[in-house]
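Hello,

Here is the structure we spoke about, handed over for your use. My notes on what was found in it follow below.

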Amino acid sequence: MPEYLDFRSDTVTRPTPAMRAAMAGAEVGDDVFGEDPTVIRLQERIAEMLGKEAALFVPSGTMSNQIGVRVHCRPGDEILCEANCHIYYYEQGGFAQLSGAAARTILGKSGVLRPEQLEGLVRPPDAHHVRTRLLCLENTHNRGGGTVQPYEAVEASCRWARDNGLRTHLDGARLFNAVVASRIEASRWAGHFDTVSVCFSKGLGAPVGSALAGPAELIHQAHRHRKVLGGGMRQAGVIAAGALYALEHHIERLADDHASAQRLADGIRQIDLLEVRGESIDTNLLFFDVDPQLGTGREFAERLKQQGLLMLPTGQSTIRAVTHLDVDQSAVDRAIEILGKVATGS
Ligand SMILES: Cc1ncc(COP(=O)(O)O)c(C=O)c1O
């Protein structure tokens, strides 16, 4: 594959030489026997960072979310979530396939739910209804545009859930982006939720892996669910070492990605026929719309690709761009140049 400037996702990063060295040198064992010291270290470290009793290393964010749903829900239960959240929008309705749960979606603004929107959503306890059981939030919100949830809204929504006897799960695939942008510690965000999923393979730049954190009893159940989903891994310390390295070295630098996304957004705002969505760019993700004169989002992205720039069409006229470890400021400036050239046909 020729070298492209790749802004499709923060999952495209390749491990740095130092991360690779940490991975190559990892102490390993059979993690299905619970004997991989590096996995154990990672689980303890992330649990501590999130202020939870325990954590479980899993292959992906999808598995982490789905196990999260499964430890809370039985068949016939209902989850409440924002309409564009990953768990609802991008996981094949896994909550239904794997846990027998139904979902009730609520449309937020840029992925943000106002706590008032939850009022009255708990179903009455009679035999006609599903049992409303779980509130899921996403921070930062991917399809919302990398939005950092307002802290007070998270606090109030989770309080409402607790007061109504519901459990809470946070899809924190990009929680550390929210931490860096808000300067609110991970454990404070996580403290409002029963379970929290985080990904090492997004902005943190590790090649593989996510973790589900929560009370020891729930993580014990999660361990069983991971096994039946095929997520038991053997000498997984090799990849856990990449995740540990990322926690050590790649959190603070997320601020650079956020600055790059701002720079990119500022550049796009100068280009006629392209329009950045939303009022602000909170973190490393942005969406922009392409005027129909320039064709569809997909066609525009194809023309960008011919110029060496990869961005992700996500709707009829919409394109997503994400900044990450492998795109520096000069890559951003070059991307703006290419966008301008393709938009003006010059
Ligand atoms: C918010 C969010 N949650 C979960 C996931 C799923 O992660 P994975 O691709 O590791 O399954 C993603 C992936 O992009 C995501 O953006």
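**Aromatic pairs, pocket and salt bridges**

Tyr89 has a relative accessibility of 40%, so it counts as partly exposed. Please keep in mind that this is a predicted model. Tyr90 is also partly exposed, at a relative accessible area of 37%. The ring centres of Tyr89 and Tyr90 are 4.9 Å apart and the planes stand at 80°, so this pair is edge-to-face. Arg143 sits over the face of Tyr89, 3.8 Å from the ring centre.

The structure has four aromatic pairs. Another of them joins Tyr151 and Trp189, again edge-to-face, with 5.1 Å from centre to centre and 70° between the planes. This pair links distant parts of the chain: Tyr151 belongs to helix H6 (residues 151-163) and Trp189 to helix H8 (residues 186-190), 38 residues apart. Both Tyr151 and Trp189 are buried.

Next, the pocket. The largest one has a volume of about 540 Å³. Its lining is made up of 25 residues, and those nearest the centre are Ser110, Gly144, Gly145, Thr147 and Gly278. Strand S10 (residues 285-290) contributes the most to this lining, with three residues. Sorted by class, the lining has 14 polar, six charged and five nonpolar residues.

Last, the salt bridges, of which there are 15.

- Arg174 and Asp10 form a salt bridge at 2.8 Å, N to O. The two are 164 residues apart: Arg174 is in the loop between strand S6 (167-172) and helix H7 (175-182), and Asp10 is in the loop between strand S1 (5-6) and helix H1 (17-24). Arg174 and Asp10 are both buried.
- Asp77 forms a salt bridge with Arg131, with 2.6 Å between the closest N and O atoms. Asp77 is in strand S3 (residues 77-82) and Arg131 in strand S5 (residues 131-138), 54 residues apart. Asp77 is buried because its relative accessible area is 2%, whereas Arg131, at 36%, counts as partly exposed.
- Glu78 and Arg123 meet in a salt bridge at 2.6 Å, N to O. Glu78 counts as buried at 2% relative accessibility, and Arg123 as partly exposed at 29%.

Regards

Methods: Residues numbered from 1 in each chain as written. Predicted model: local features only at pLDDT ≥ 70, side-chain atom pairs only at ≥ 80, totals over all residues. Heavy atoms only, no water. Phe/Tyr/Trp six-rings, centres within 6.5 Å; stacked < 30°, edge-to-face > 60°. Buried < 20%, exposed > 50% of the residue type's maximum accessible area, 1.4 Å probe, protein only. Helix = DSSP H or I, 4+ residues; strand = E, 2+ residues; numbered from the N terminus. Lys NZ or Arg CZ within 6 Å of the ring centre and 35° of its normal. 1 Å grid on protein atoms, 1.4 Å probe; cavity = no way out; pocket = protein on both sides within 12 Å on 5 of 7 lines; lining within 4 Å. Points joined across faces, edges and corners; volume = space filled by probe spheres on them. Nonpolar A, V, L, I, M, F, W, Y, C, P; charged D, E, K, R; others polar. Salt bridge = Lys/Arg side-chain N within 4 Å of Asp/Glu carboxyl O.
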